[in-house]
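Please walk me through this structure in the viewer. Tell me what to select at each stop and what is there.

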Amino acid sequence: MAVPSLPAGTSPVILFPAIDLKGGRCVRLRLGDMADATVFNEDPAAQAKLFEQQGFRYLHLVDLDGAFAGRPVNSDAIAAILAAVRIPVQLGGGIRSLAGIELWFEKGVSRVILGTAAVRDPALVTEACRLFPGRIAVGIDAKGGKVAVEGWARVSELSAAELTQRCQDAGVAAIVYTDVARDGILTGLNLEASAALAASTSIPVIASGGLAGIEDVRALLEPRYRGLHGAIAGRALYDGRLDAETALALLREAAAPGS
């Protein structure tokens, strides 16, 4: 079966439900703290299937343990998710080599997200984009304007703007921009910073970190944020603050001809 594609920059706004994996379970962290994790589902594949049944068209996966270890750790859980759903999946966390990227594509991942590797090994990003055009994204996780790496455990000297320019030059297909100070605490997306980043590049930008409810989804559709490609939804979906049916209906209505 051909691997389904993730959307290009001209697609309507996309809401990506997130599955963050720690110890083979589906969790959400607060502010990226591995010691402050809430387990929402012991069976990530069942959670992925539920998201698909709810009508989501794409899935966002993060191997949290892999991000800290620098290598894939939750491979079995990811493989189970890939076997359970037919919607395209983007995956990040601990992927830091061409061999690792190729392996996940062979297993059925549609798009790979590079984070630490994008800071530490820009040549890898360039080569990966050449070999796998349209299938490489970069995660820009910002702390005080600087890019955090290694599961946010360290902060580099590279600014979000500088990394964005590198991505532009390399031919990156998408940027997942996360405001680390908001992640997992339901304070709302940092749409101003996300939109400013989107305005600085032709690369589609996905906002992440802090989505709190339907008001965030409505805000994504405001003209001033039209440059954003989509957003990641995590804790708000799991604890019921964001109703999937309502959110997806709102996005469908906005994408309808004449709307």
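Start with everything selected: among contacts (heavy atoms within 4.5 Å) between residues at least 6 apart in sequence, 70% join residues at least 24 apart. This is a predicted model, in which local features need pLDDT of at least 70 and side-chain atom pairs count only at pLDDT 80 or more, while totals for chains, interfaces and linings use all residues. Residues are numbered from 1 along each chain as its sequence is written, and side-chain values use heavy atoms, with hydrogens and water left out.

Of the 259 residues, 54% count as buried (under 20% relative accessible area, 1.4 Å probe, protein chains only).

Next, select helix H1, residues 44-54 (helices are DSSP runs of H or I, at least four residues; strands are runs of E, at least two; both are numbered from the N terminus). Which residues of H1 are buried? They are Pro 44, Ala 45, Gln 47, Ala 48, Phe 51 and Glu 52. These residues lie on the same side of H1, because they cover an arc of only 160° around the axis (taken from the directions from the helix axis to the C-beta atoms).

Now show what covers them: strands S1 (14-22) and S2 (25-30) are included, as are helices H3 (75-84) and H10 (235-238).

Just after H1, select Gly 55, which takes a positive phi of about 110°.

Finish at Ile 19. Leaving aside neighbours within four places in sequence, Ile 19 is in contact with residues including Pro 44, Gln 47, Ala 48 and Phe 51.

Methods:
Buried means under 20% relative accessible area, exposed over 50%, partly exposed in between (1.4 Å probe, protein chains only).
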